Amino acid sequence: MPASTSHCPPNFPPNKITHFQLKEGEAMESLSCHFQFTFHRVSKNVKARSSSVSCSIQPTQSNIKVVINGAAKEIGRAAVLAVTKARGMEVAGAVDKQFVGEDIGKSKETGVVVDFTDPSTVYDNVKQATAFGMRSVVYVPRIKVDTVGALSAFCDKASMGCLVAPTLSIGSILLQQAAISASFHYNNVEILESAADATDLPSADAVQIAKNLSNLGQFYNKGDITTDVAARGQVLGEDGVRVHSMVLPGLPSSTTVYFSGPGEVYSVKHDITGVQSLMPGLILAIRKVIRLKNLVYGLEKFL
């Protein structure tokens, strides 16, 4: 609404800016008014006072409504807490196979579904979220390439945003970027990872790092003649990147990438001690996905 001017009651203080909030349905608007008084001499003994008020209305931005799918998991519980604390967001629902929160149909406005489920249900979950006009953040390790491709085609057709994140750890992404930079300067590389427990080795992070390095056209470890020795770890891809996985109770989730050249060894390392380390990346993903109209693969696109 354009600014308007009117006479002001005499009991208003001079030159004052006042803010109001107006609510109509679910929409909130901010009303800002500026009151101004001026005095001028009409004659020798007579002074006149004039007053004006200028007001403008601007809509205030509503919170991002977030539904956590997979809320009974450790990462889901951490996500509920992180979203609750984040500025400009609120938890609109928490869903799991065991527990059901608020129906996502009640949270259409600027809504995001965070999916922590499993690869077999991701496609249907994103379709359901899209039907309710909600965007999706998908953190499901080992999601299949075919599923990502099908989701990308679906999101393009629906003009609906979706962010598929192989990792939500910003530290892990920085490690991957540092490893890519180093790979152009060293011809020998191996990955060492550790975890307190693991059911699927090598880990998704180690596989992603090896994949990134293998896509650069480099060939590593040319002088290694122990290719068939099991104790030397698993070779991932066709470029000779080896991964060694160590599992011991009490170990942090750790990934170290070792590079070597003549007379030197260079290493980059990242440790994860709890799921809280994934929350800054999750909050970033939620803020970015609401602006998307297609599928984006990888949180690193926004760092």
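## Close-up views of a predicted model

View 1. Where pLDDT is low, the predicted coordinates should not be read in detail. This is a predicted model, so local features need pLDDT of at least 70 and side-chain atom pairs count only at pLDDT 80 or more, while totals for chains, interfaces and linings use all residues. Residues are numbered from 1 along each chain as its sequence is written, and side-chain values use heavy atoms, with hydrogens and water left out.

**View 2. The whole protein, for orientation.** The average pLDDT is 81, and 75% of the residues score at least 70. There are six helices and 15 strands, taken as DSSP runs numbered from the N terminus (helices: H or I, at least four residues; strands: E, at least two). Of the 303 residues, 39% are buried, where buried means under 20% relative accessible area, exposed means over 50% and partly exposed is in between (1.4 Å probe, protein chains only). Take the contacts between residues at least 6 apart in sequence: 67% of them join residues at least 24 apart.

**View 3. Helix α2 against helix α3.** Helix α2 (residues 122-131) packs on α3 at an angle of about 10°, and their axes are 10 Å apart. Axes here are lines fitted to C-alpha atoms, for helices over the stretch in contact, and angles run from 0 to 180 degrees between N-to-C directions. The two helices are therefore roughly parallel to each other (angles under 35 degrees; over 145 is roughly antiparallel, 65 to 115 roughly perpendicular and the rest oblique). On the α2 side you'll find V122, Y123, V126, K127 and T130, which meet T147, A150, L151, F154, C155 and A158 in α3. By class, that contact has eight nonpolar, two polar and one charged residues. Nonpolar covers Ala, Val, Leu, Ile, Met, Phe, Trp, Tyr, Cys and Pro, charged covers Asp, Glu, Lys and Arg, and the others, Gly among them, are polar.

**View 4. Helix α4 against helix α5.** The axes of α4 (residues 170-183) and α5 (residues 204-214) come within 10 Å and cross at roughly 30°. That makes α4 roughly parallel to α5. S172, L175, Q176, A179, I180 and S183 in α4 meet D205, Q208, I209, N212 and L213 in α5. Sorted by class, the residues of this contact come out as five nonpolar, five polar and one charged.

**View 5. L295 and its neighbours.** L295 sits in strand β15 (residues 295-297) and counts as buried, at 11% relative accessibility. Leaving out residues up to four places away in sequence, L295 touches V148, L151, S152, C155, D156, C162 and V164. L295 and S136 are 159 residues apart in sequence, yet 9.2 Å apart in space, C-alpha to C-alpha.

View 6. R142 is not a glycine, but has a positive phi of about 65°. R142 lies in the loop between β8 (135-138) and α3 (145-158) and counts as partly exposed at 37% relative accessibility. S159, also a residue other than glycine, has a positive phi near 55°. The place of S159 is the loop between α3 and β9 (162-164), and at 40% relative accessibility S159 counts as partly exposed.

Methods: pLDDT is the predictor's confidence in each residue, from 0 to 100. Contact means heavy atoms within 4.5 Å.
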